[in-house]
Amino acid sequence: MSEQRVEDKILLGTKVSYGLGALGKDFAYSITATFLMFYYTDVAGISAAFVGTLFLVARAIDAFTDPIMGMIVDNTRSKFGKFRPWILIGTIVNSFALLAVFYTHSFTGTTLYVYAALTYILWGVTYTIMDIPFWSMIPALSARRVEREKLVVWPRTFASIAGLIMGGTGLYLVAELGDGDQGKGFFLLSVLVVISFILSGLITFFKVKEKVVLGNQVQKFTLADVKNIIFSNDQLKALIGSILTFSMAAHLVGGFAIYYFTYAIGRGDLFPIFAAVSGAAEIAGVLIFPWLCRYLPRHLMWYVAAFFPALACLILFVTGIFSPESVWLAGLAGAALRFGTGIGNGLGTVMLADVVDYGHYRSGQRSESIIFSVQTMLVKFAGAFAGFFIGMGLTFIGYVPNVEQSEETIFGLRALMIGSPIIFIAISVWVYKAYYRLNGSLREEVEENISLMQMKGNASSETGLT
């Protein structure tokens, strides 16, 4: 058993390299997640309803392309493994797509709408190429849950750092780089993001290598296998419901924030504070996650993660009544939101790795990338649904860009940002409580079974070599 533990231990260099990979990757994600809705509506001049619909249509496409990409990764056999080649390829092609997205403001009329739709869909598809193999490497780096919990801290922390930097400095950098031209500023900022993105992709490619090899390395997955792997795994479906609704709540608060502080509060300068404190709190949530796992029963962790976004909405509600311009309360709300998100992100990634093991245990088929494609799809779909909800919501309440809003519109902004996320948090908790069972004795049974499989696989490999 000691030999097993040594082999499963993830080295510090691997953890740091994996974290740096997430830094550049999430610079590329956070610029779109934080600013793309605002860029499309207030800089490029596209209607909010169109943007919201585009986000949702693109995610409908992802519902097909993401699992297919997972199948492609799981069918890959190369001297670099099955994950790293696609991480590098995806990083390069997604970089070009990101630059194209933030060039949208250069067009007008019908061309503007067609260009925005095509480039955004292209961005989503190419992001999939890189993101699925990146996260699905986790079960292949160690078979032990405790090592995975320690590992997840690194990419999630660096991802949160990327979000903190982008949220806290993004608008300032846009103003400085564009010299008053927001379109130019956003494009030049995307150039800087792409440089860091490619560098981080190279670090991951050369420094992070899979160690745990389980399952049939000859078998090739088919589309029928993809369908069976996803739909026959009851714990995957439970996790999808929990993570999707949790992420929707967080995206709704974050997505409405720039409009809320700019127009409802009349203090656009509060948004960078909200975003910066949010990012710092998310890092704290990720860092404290392994510690909480040691001292709290595992089945309680999701309730802890869900509590803090709900608290953020309560703080915003109280702030809107008593002190809407309070810097401290805006920061406190951001801290509560992202602290819970940090815990939820770390926990969700580890739970998904557990679901990979569970699926292997139940069916005998091991597919890291097909199952982790669901995570990529959920992250993008949650953002897209939030974008659709925000776009339609802004249209419904009569929002008009770059003008003073009516009292009805301001009231609508408050209701949408504060009230709607609470509903999704409640749904997330209910789904988790009712359907997720991969804790306690069941998880121990799965882990023991997977360890035995790995030991047999290692023994077979050694016999084959001799």
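Is Asp-26 buried or exposed, and what is its relative accessible area? Asp-26 is buried, at a relative accessible area of 12%, where buried means under 20%, exposed over 50% and partly exposed in between, using a 1.4 Å probe and protein chains only. Here are some notes to go with the model.

1. Ground rules. This is a predicted model, in which local features need pLDDT of at least 70 and side-chain atom pairs count only at pLDDT 80 or more, while totals for chains, interfaces and linings use all residues. Residues are numbered from 1 along each chain as its sequence is written, and side-chain values use heavy atoms, with hydrogens and water left out.

2. Let me start with Lys-25, which is buried at 3% relative accessibility. Lys-25 forms a salt bridge with Asp-131, with 2.9 Å between the closest N and O atoms; a salt bridge here is a side-chain nitrogen of Lys or Arg within 4 Å of a carboxyl oxygen of Asp or Glu. That pair links distant parts of the chain, with Asp-131 in helix 5 (residues 109-136) and Lys-25 in helix 2, 106 residues apart. Helices are DSSP runs of H or I with at least four residues, numbered from the N terminus. Both Asp-131 and Lys-25 are buried. Asp-26 also forms a salt bridge with Lys-25, at 3.2 Å between the closest N and O atoms.

3. Another buried pair. Lys-82 and Asp-74 meet through their side chains in a salt bridge of 3.0 Å, N to O. Lys-82 is buried at 11% relative accessible area, and Asp-74 is buried at 1%. Returning to the previous point, salt bridges that share partners join Lys-25, Asp-26 and Asp-131 into one network. The count of salt bridges comes to 7.

4. Thr-41 in helix 2. Thr-41 sits in helix 2 (residues 12-43) and is buried, with a relative accessible area of 5%. A polar atom of the Thr-41 side chain lies 3.0 Å from the backbone oxygen of Met-37, and the backbone oxygen of Phe-38 is 3.4 Å from a polar atom of that side chain. Both can be read against the polar contact rule: a pair of N or O atoms within 3.5 Å, where within protein one must be able to donate a hydrogen and the other to accept it, and residues adjacent in sequence count only if both atoms are side-chain atoms. Beyond its neighbours within four places in sequence, Thr-41 is in contact (heavy atoms within 4.5 Å) with Ile-46, Ala-48, Val-51, Tyr-259 and Pro-401.

5. Thr-119 in helix 5. Thr-119 lies in helix 5 and is buried at 7% relative accessibility. A polar atom of its side chain is 3.3 Å from the backbone oxygen of Ala-116. Leaving out residues up to four places away in sequence, Thr-119 touches Ala-100, Val-101 and Thr-104.

6. Ile-425 in helix 15. Do look at Ile-425, in helix 15 (residues 407-435), which is buried at 6% relative accessibility. Apart from its neighbours within four places in sequence, Ile-425 is in contact with Phe-246, Ala-249, Ala-306, Pro-309 and Ala-310. Ile-425 and Thr-91 are 334 residues apart in sequence and 33 Å apart in space, C-alpha to C-alpha.

7. A nonpolar surface patch. Val-191, Leu-192, Ile-195, Ile-198, Leu-199, Leu-202 and Phe-206 make a nonpolar surface patch of about 600 Å². Patches are made of residues with over 30% relative accessible area and no salt bridge, with like charges joined within 9 Å and nonpolar side chains (Val, Leu, Ile, Met, Phe, Trp, Tyr) within 5 Å. One of the members, Leu-202, is found in helix 8 (residues 182-207) and counts as partly exposed at 34% relative accessibility.

8. Backbone points worth a look. Asp-179 lies in the loop between helix 7 (145-178) and helix 8, and is exposed at 70% relative accessible area. Phi of Asp-179 is positive, near 50 degrees, in a residue other than glycine. Most residues other than glycine have a negative phi. Gly-398, which follows helix 14, also has a positive phi, near 85 degrees.

9. Helix 14 itself. The 29 residues of helix 14 (residues 368-396) should span 42 Å at 1.5 Å a residue, and the end C-alpha atoms are 42 Å apart, which agrees. The expected span is 1.5 Å times one less than the number of residues.

Key
Helices (H or I, at least four residues) and strands (E, at least two) are DSSP runs, numbered from the N terminus. Accessible areas come from the Shrake-Rupley method with a 1.4 Å probe; for residues, only the protein chains shown count as cover.
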